[in-house]
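Here's a quick tour of one chain in this structure. Have the sequence and the model open while you read.

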Amino acid sequence: MSEDTAAVPAQQTLKAPPAKESGIKALLGSAAGRNTGLVVALVLLCLGGVVTAGDRFADVDNVLTILRLAAVIGVVSVGMTFVITGGGIDLSVGAIVALSSVWATTLATQGIANDTHWIVIVFTALLVGGACGLVNGALIAYGRVVAFIATLASLAAARGLAEIISNRKTQIVNVPGFTAFFDASVLGVPVLVVIFAVVAAGGWVLLNRTTFGRRTFAVGGNPEAARLAGIDVRRHTVMLYTLLGLCCGLAAVMLIARTTTGSATHGGLYELDAIAAVVIGGTLLSGGRGTIAGTVFGVLIFTTLSNVFTLNNLSISAQAVAKGAIIVVAVLLQQRLARRSGA
Amino acid sequence: MTSTDATLLSVRGVVKRFPGVTALGGVDFDVRAGEVHCLLGQNGAGKSTLIKVLSGAHRPDEGEIRWRGEVVSFGNPTAAMRSGVAAIYQELDLVSGLSVADNVFLGHELSTAGFTRRSDARRRTRELLKRLGHPEISPDRDVGRLSVAHQQVVSMARALSLDGQLLIMDEPSAVLDPDEVRVLFGIIRELTAQGVAVIYISHRLAEIREIGDRVTVLKDGRTVATGLPAREVKTPDLIALMTGRVLDNVFPQRKPVDPAAPEVLRVRGLTDGDFDPVDLTVHAGEVVGLAGLVGSGRSEILETVYGARKAAGGTVEVDGRKLRRGSVGAAVRAGMGLCPEERKSQGLLLDEAVYRNITVSSMSSFARFGFLDDRAERARATTLTESLDVRPAGVDRVVRGLSGGNQQKVVLARWLLRECRVLLLDEPTRGVDVGARSEIYELVRALADSGVAVVVVSSDVEEVLGLADRVLVVREGRVVHDGPADEIDESRVLDLVMEGHAA
């Protein structure tokens with residue numbers, strides 16, 4: 001039956017390039033248009049914020065706070081979009097963030113950083129994150145371990161390793177150059193937010209304009225057909241997980257900068273937040289279809305929601321309930337709109 | 001077209017529209033109890049949509065369906081099944097992992113207070129399988145482990161378990177060997193003798209003559225002829241009705257292969273461990289056919305040559321250069337292309353646009369520093385689809401919506417774009433209608449004439465003989481014959497194919 005219904009909208013054409021249409025139409029047909037449900041949700045949330053918290057919500061500093069919070073999980077979610085579009089899943093992202101943050105803030109690393117340059121911290125975190133991703137990808141692609149299981153194992157192992165290295169202690173960062181750089185602003189926009197924007201834009205280009213992105217869709221959509229068409233599916237899978245690992249490393253750097261600490265408890269439940277953002281954004285969990293813009297909206301919605309709830313002194317538990325509701329409503333709306341745009 | 005008492009199903013003026021297309025534009029026909037009514041039509045003529053309308057998977061937008069004289073509207077396949085109309089789809093809709101009995105009663109389990117009555121289900125399944133002439137299938141077997149032919153029997157048992165009065169069979173013979181087709185026909189004859197009506201869809205005219213009573217021809221979603229006597233109606237007339245034009249010679253003229261033509265594909269002692277070592281040489285401009293039964297090893301040979309299956313020994317050379325074992329990438333880079341047997345699951349990215357399916361194997365030629373030039377991709381794909389007459393036109397269309405023949409053209413276009421040296425075709429015309437079939441034959445011949453080395457695997461002996469210059473016959477993992485196509489005839493090939501096989 002599902003096969004049959006899938007065949008119905010078959011006559012639809014893929015989003016044709018709206019390049020030649022008028023400006024407004026092109027805009028509506030582009031990212032924002034395809035994400036109408038998400039835009040509406042975000043606008044409603046903001047209205048809710050303004051009504052309930054007034055100036056405390058509609059304040060430049062508050063908006064920047066939201067964006068700064070969104071930035072870290074946002075970078076992870078962009079990477080997650082690639083893995084899910086490619087037909088995979090990664091449960092270990094939070095643990096990789098924790099391990100990267102701890103490794104990059106050990107006394108030894110900080111010592112080297114102070115002796116040479118603070119960039120050592122950044123490279124360490126990226127290297128650790130990338131290596132974790134590489135191991136995940138190799139296990140899944142060449143070891144033929146199911147992604148869910150392989151990354152579940154990494155989750156446990158990486159977090160455990162982070163605890164061993166840090167001795168379960170929070171490691172304070174004492175590298176002045178590092179803190180100064182990431183605390184700065186570019187034209188009033190915090191560096192963390194700039195990093196998120198660059199990652200999101202880069203991710204969009206990579207997914208939609210390059211052979212790498214096209215292969216990601218192919219591998220996620222029909223791995224067997226992709227293989228027989230000459231694509232090295234296993235190598236591509238490894239690259240996808242490594243890319244996500246690098247995103248986790250970068251997120252760790254951003255988290256270290258924001259909290260001035262490295263800790264084995266960093267990145268708690270990031271895997272669920274990232275997957276939720278990706279999925280409500282409209283990326284298919286079964287692979288083959290994915291959208292970076294949707295993911296960015298997903299991240300913004302969740303972060304704005306927490307902010308509005310916090311401003312109104314509502315509990316974390318209430319936030320969780322609302323989050324669950326939003327996931328369901330967003331997915332239902334998304335399906336409805338997808339069907340209509342097919343007509 | 002008078003409605004007699006025996007008329008089981010009567011379809012009048014049925015119209016079904018999808019966004020942007022009218023799939024059915026007025027279909028009329030009657031099915032009588034106990035007859036085999038054949039539906040003929042090219043791919044895209046609306047046969048599949050019609051089946052879905054009749055079996056309740058789609059609702060018609062206009063028109064009337066009468067079942068046993070009463071106007072009906074089946075909201076879903078279960079409702080249709082409960083009324084006695086059951087469809088057996090081309091892609092069998094069985095759940096592997098469940099047992100035969102579980103599949104037969106899936107959706108209408110025998111149960112008491114929510115607990116399934118397993119022994120009853122097993123017993124009734126055994127009875128049904130016996131009625132279908134296959135008592136050897138155990139109701140406890142996992143369906144996924146059965147042969148395709150047996151799976152089809154299970155599908156039929158499922159239809160009969162609801163006291164099916166009308167079975168709709170969508171190309172049942174496409175996945176069967178000749179002797180399995182004979183068994184299927186035996187079953188159909190027994191069922192019709194019991195008053196069950198069958199709507200039978202096939203592209204093989206010989207089968208329609210053998211099993212059919214009456215024929216209805218669809219073209220562009222309309223009935224162009226109905227109630228034709230299946231045994232008497234002339235083939236050219238049927239083809240003319242289906243295509244709207246007259247076809248005389250299905251197979252294109254072959255050109256003699258230049259004896260001095262260079263060897264393009266050279267396979268020596270290749271084996272995957274299951275089939276015996278194979279030697280195969282294909283010259284530029286030559287078409288080599290591999291004939292054999294399903295499971296004889298012919299597809300395995302092709303996949304091993306392509307590197308999609310790990311070789312246990314032997315070598316594959318293209319233009320004198322040895323390929324790395326078990327690497328599809330190396331084969332593609334060396335100029336090989338494969339149109340796999342299962343078009344949908346192995347060949348296509350079904351939810352992607354036509355142009356992306358065409359360029360997927362030559363992406364790098366459209367990319368600069370990894371950035372793709374969409375416009376160039378679309379332009380090249382448009383040129384190709386126009387020259388291959390892919391319908392409906394439009395390279396932004398999703399491939400899933402195209403008919404089998406047009407999907408096959410898309411896969412062929414992929415390799416045309418790469419200008420490959422060796423083209424491997426596995427069942428190139430399965431599920432492809434007569435019109436598109438001859439177009440594909442002509443295309444393959446034209447490619448060969450331009451110097452490509454072609455290897456064709458097919459269950460259709462006529463196809464192998466008509467298309468190939470040289471024929472290899474494979475039986476039980478062994479090449480048992482290798483010789484020019486014009487020195488062997490169909491009966492000899494069939495003899496070789498089946499010799500010692502279950503006879």
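This is a predicted model: local features need pLDDT of at least 70, side-chain atom pairs count only at pLDDT 80 or more; totals for chains, interfaces and linings use all residues.

Residues are numbered from 1 along each chain as its sequence is written, and chains are lettered from A and ligands numbered from 1 in the order in which they are written.

**Domains of chain B**
- Chain B is assigned domain 1 (7-243), domain 2 (262-335 + 420-503) and domain 3 (349-419), with bounds from an automatic or database domain assignment.
- Taken over C-alpha atoms, the centres of domain 1 and domain 2 of chain B sit 33 Å apart.

**Where domains 1 and 2 of chain B touch**
- Here 11 residues of domain 1 of chain B are in contact with 11 of domain 2 of chain B (C-beta atoms, placed from the backbone, within 7 Å).
- On the domain 1 side, helix H8 (residues 235-243) of chain B gives the most, with three residues; helices (H or I, at least four residues) and strands (E, at least two) are DSSP runs, numbered from the N terminus.

**Helix H5 of chain B**
- H5(B) is mostly covered, with 11 of its 14 residues buried (20 or more other C-beta atoms within 10 Å of a residue's own, all placed from the backbone).
- Among the buried ones are Val153(B), Met156(B), Arg158(B) and Leu160(B).
- The cover includes strand E6 (85-88), helix H4 (118-131) and helix H6 (178-193) of chain B.
- After H5(B) comes Asp163(B), with a positive phi near 60°.

Terms used: Two residues are in contact if their C-beta atoms, placed from the backbone, lie within 7 Å. A residue is buried if 20 or more other C-beta atoms lie within 10 Å of its own, exposed if 12 or fewer, and partly exposed in between; C-beta atoms are placed from the backbone.
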